[in-house]
Amino acid sequence: TMGAVLRDSLGDFLAAGNNVVGECMDAFTAEALVLRFRLNLVQSYGCSRLVINSDNRDLIKSMQDGGQFAALAVAIIDDCYHMSADLARVRFEHCHREANSVAHELARMARFSSLSTWFDDAPCASPIYL
């Protein structure tokens with residue numbers, strides 16, 4: 001499962017989405033699919049300047065290096081690199097898993113529903129989204 005959250009520069013909620021990844025051969029490919037999902041959400045919302053956080057160091061390094069060294073998921077990383085190249089400004093940063101708790105909660109929710117997206121209003125009133 002995957003989850004994505006878009007926030008403005010003040011940390012306020014803009015949009016979110018979740019979906020099921022499906023079967024993957026390895027964790028890196030799953031993370032690459034999540035990145036592509038996030039970039040699609042960004043395009044749907046209309047953002048062009050952003051910072052993308054992930055707790056997967058290899059994925060962040062691959063994107064910082066222009067999509068290089070991604071033999072396991074080369075086609076997906078190539079898609080992500082070209083999608084991000086269309087944005088006015090993008091920066092990829094590693095973050096610890098704890099900093100991504102909202103995205104992980106959205107991913108958990110995807111196990112029980114189909115693809116969902118939310119724009120301007122958070123998906124629920126749970127304290128995790130406040």
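View 1. On the face of helix 3 turned away from its buried side sit the exposed residues Val74 and Ala75. Exposed means over 50% relative accessible area, buried means under 20%, and partly exposed lies in between (1.4 Å probe, protein chains only). This is a predicted model, in which local features need pLDDT of at least 70, side-chain atom pairs count only at pLDDT 80 or more, and totals for chains, interfaces and linings use all residues. Residues are numbered from 1 along each chain as its sequence is written, and side-chain values use heavy atoms, leaving out hydrogens and water.

**View 2. Helix 3 from end to end.** Helix 3 covers residues 74-85, 12 residues in total. Its first and last C-alpha atoms are 16 Å apart, close to the 16 Å expected at 1.5 Å a residue. The expected span is 1.5 Å times one less than the number of residues. Helices (H or I, at least four residues) and strands (E, at least two) are DSSP runs, numbered from the N terminus.

**View 3. The buried side of helix 3.** Ile76, Ile77, Cys80, Met83 and Ser84 are the buried residues of helix 3. Seen down the helix 3 axis, they fall within an arc of 125 degrees, so they line one face of the helix. The arc is that of the directions from the helix axis to the C-beta atoms. These buried residues pack against helix 1 (27-45), helix 2 (57-64) and strand 4 (89-94). Contact means heavy atoms within 4.5 Å.

**View 4. Helix 1 meets helix 2.** The axes of helix 1 and helix 2 come within 9 Å and cross at roughly 60 degrees. That makes helix 1 oblique to helix 2. Axes are lines fitted to C-alpha atoms, for helices over the stretch in contact, and angles run from 0 to 180 degrees between N-to-C directions. Angles under 35 degrees count as roughly parallel, over 145 as roughly antiparallel, 65 to 115 as roughly perpendicular and the rest as oblique. From helix 1, Phe28, Glu31, Ala32 and Leu35 meet Asp58, Leu59, Ser62 and Met63 of helix 2.

**View 5. Helix 2 meets helix 3.** Helix 2 and helix 3 pack at about 55 degrees, with their axes 10 Å apart. The two are therefore oblique to each other. Leu59, Ser62 and Met63 in helix 2 meet Ile77, Cys80, Tyr81 and Ser84 in helix 3.

**View 6. Asn53 in strand 3.** Asn53 lies in strand 3 (residues 49-54). Asn53 is partly exposed, with a relative accessible area of 31%. Asn53 and Glu93 are 40 residues apart in sequence and 4.9 Å apart in space, C-alpha to C-alpha.
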